[in-house]
Amino acid sequence: MSHTTYTDPSGYDDGTVSTALDQLRLAWLVAGDRTLADLMATRSYWLPVAGEVTNTNALLGHDGFVGMKTGSDEAAGGCLLFARRIHVDGRTRTVLGAVLGQRDGDFVQAALAAAKGLAASAAAAVRGRGQ
């Protein structure tokens, strides 16, 4: 992840920057960790100080989407790192994707729409290869 700098945990600091490719590298690692994958597939959870925290990924639980991470601000636009399970030749495959910089209307909604389109295209390509 040579094009990524994390300067704070929220991602709101202007010094936090990344690329789609670096985020996909991170997604690949996280998808292989059962604890993190389960956490990102959760619609909401209870944190002792914050109370209930709801995942803003409206795709979660629909059409095979099983995670990962939304994010948005004025500098970055709408962003979504996603995982979607698809079935190909009797096997389950996980398609990972990243959309960054979506600015059409509400940033989160724009990222969700872009991710849905990208996931459909990626799934069609994987199914077309039969792998």
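A residue counts as buried under 20% relative accessible area, as exposed over 50% and as partly exposed in between, using a 1.4 Å probe and protein chains only. By that rule D63 is exposed, because its relative accessible area is 51%. The model is predicted, so local features need pLDDT of at least 70 and side-chain atom pairs count only at pLDDT 80 or more, while totals for chains, interfaces and linings use all residues. Residues are numbered from 1 along each chain as its sequence is written, and side-chain values use heavy atoms, with hydrogens and water left out.

Stay with D63 for a moment. D63 sits in the loop between β2 (51-54) and β3. Helices (H or I, at least four residues) and strands (E, at least two) are DSSP runs, numbered from the N terminus. Although D63 is not a glycine, its phi is positive, about 50 degrees. D89 also has a positive phi, near 50 degrees, and is likewise a residue other than glycine. D89 lies in the loop between β4 and β5. With a relative accessible area of 62%, D89 is exposed.

Now the sheet. Three strands form an open sheet in the order β3-β4-β5, with antiparallel pairing. The edges are β3 and β5 (91-102), each of which pairs on one side only. From one strand to the next, the twist averages 10 degrees. Axes here are lines fitted to C-alpha atoms, for helices over the stretch in contact, and angles run from 0 to 180 degrees between N-to-C directions.

Take the strand pairs in turn. Two strands pair if DSSP finds at least two bridges between them. Strand β3 (residues 65-73) and strand β4 (residues 77-88) are antiparallel over eight bridges. A hairpin of three residues joins β3 to β4. Across this pair, G71 stands opposite C79 in β4. The antiparallel pairing of β4 and β5 runs over ten bridges. There, R84 has V95 in β5 as its bridge partner.

Two helices pack on the sheet. Helix α1 (residues 20-31) touches β3, β4 and β5, and its direction makes about 145 degrees with that of β5. Helix α3 (residues 107-129) also touches β3, β4 and β5, and its direction makes about 30 degrees with that of β4. Contact means heavy atoms within 4.5 Å.

Which residues of α3 are buried? They are F107, A110, A111, L112, A115, A119, A123 and V126. These buried residues pack against β3, β4 and β5. An α-helix has 3.6 residues a turn, so residues three or four places apart point the same way. The length of α3 also checks out: at 1.5 Å a residue, its 23 residues should span 33 Å, and its end C-alpha atoms are 33 Å apart. The expected span is 1.5 Å times one less than the number of residues.

Next, the rings. A search of the whole structure finds one aromatic pair. F65 lies in β3 and F82 in β4, so the pair ties together parts 17 residues apart in sequence. Rings of Phe, Tyr and Trp (its six-membered ring) pair if their centres lie within 6.5 Å; planes under 30 degrees apart count as stacked, over 60 as edge-to-face and the rest as tilted. Both F65 and F82 are buried.
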